[in-house]
Amino acid sequence: MNLEIQDKIVFITASTKGIGYATAKSFLAEGAKVIINGRNQERLIATHTHLSACYGQDNVFVVCGDMTKTCDIEQAKQQIISRFGKVDILIPNLGSGKPISENRLDMEEWARLIDINLYSAVKLIQIFLDILMEQQRSSIVLLSSLAACEKISAPYAYAAAKNAILTLTKYMAIDYAEQGIRVNAVVPGNIIYPTGRWEELLLADEVGTKSYIEQNVPMKRFGKPEEIADMIVFLASERASFMTGNTVVVDGGQKKGY
């Protein structure tokens with residue numbers, strides 16, 4: 001299937017590992033030009049080197065910075081505009097559900113997780129909105145979490161932030177449809193990858209973690225980053241041109257109800 005995203009300019013935050021990295025590879029495989037991002041310059045350069053070797057140096061661009069910080073987002077925008085003059089597809093992928101406090105009502109923990117999982121996406125969209133509107137056919141795909149839909153073992157603040165992502169998706173999709181911006185969201189289930197949260201839990205308690213997956217996921221396995229990435233790419237593509245305001249769950253059947 002031709003997704004019609006050849007030479008589209010795609011910016012993916014937090015894209016040196018996990019879902020972000022898999023999404024970058026999936027877009028590149030479809031012929032898009034991808035801007036990858038991360039805070040760790042050494043890891044970012046290594047990722048750029050690898051992807052360039054696979055997909056061509058002219059198709060991968062690097063923006064180093066912390067996408068929770070307004071100044072870094074604005075700097076990223078200027079670098080992208082200088083290089084490409086536009087952005088067609090925006091993927092605010094930055095997120096973390098790893099707690100640093102055992103108190104789920106700790107306000108500092110709430111502020112930290114809301115900033116990472118919600119405000120970072122809002123700030124990114126706000127700063128890039130004008131150039132997305134200029135394209136008249138642009139797309140935003142947001143990342144939520146199963147924690148937004150089901151009571152699972154996750155920090156309250158993380159679940160609240162990811163639930164707010166779903167509200168943001170619906171509201172923006174309606175408000176910006178006439179400007180040609182489509183906004184959709186993906187809800188990943190339990191996705192495992194090197195250095196990720198599920199790998200950490202598996203190493204800490206292999207028996208308990210595997211038991212949780214077998215009891216709660218009908219398909220009885222973890223998901224792979226590539227399985228989320230391919231859905232993101234499809235939603236961003238012209239093949240999904242009549243889809244906006246939608247939430248697509250990719251969780252191996254764990255979510256209950258409709």
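Author: Happy to! A salt bridge is a side-chain nitrogen of Lys or Arg within 4 Å of a carboxyl oxygen of Asp or Glu. This is a predicted model, where local features need pLDDT of at least 70, side-chain atom pairs count only at pLDDT 80 or more, and totals for chains, interfaces and linings use all residues. Residues are numbered from 1 along each chain as its sequence is written, and side-chain values use heavy atoms, with hydrogens and water left out.

The structure holds 10 salt bridges. One of them joins K77 to D130, with the closest N and O atoms 2.9 Å apart. K77 lies in helix 3 (residues 70-84) and D130 in helix 4 (residues 107-135), so this pair ties together parts that are 53 residues apart in sequence. Helices here are DSSP runs of H or I with at least four residues, and strands are runs of E with at least two, numbered from the N terminus.

How open are the two partners? Buried means under 20% relative accessible area, exposed over 50%, and partly exposed in between (1.4 Å probe, protein chains only). K77 is buried at 12%, while D130 is partly exposed at 37%.

Next, K256 pairs with E150, their closest N and O atoms being 3.9 Å apart. K256 sits in the segment after strand 7 (247-250) and E150 in the loop between strand 5 (138-143) and helix 5 (156-175), 106 residues apart. K256 is exposed at 58%, but E150 is buried at 16%.

Finally, E200 and R197 meet at 2.3 Å, N to O. Both belong to helix 6 (residues 197-204), 3 residues apart, about one helical turn. K98 joins R197 and E200 in a network of salt bridges.
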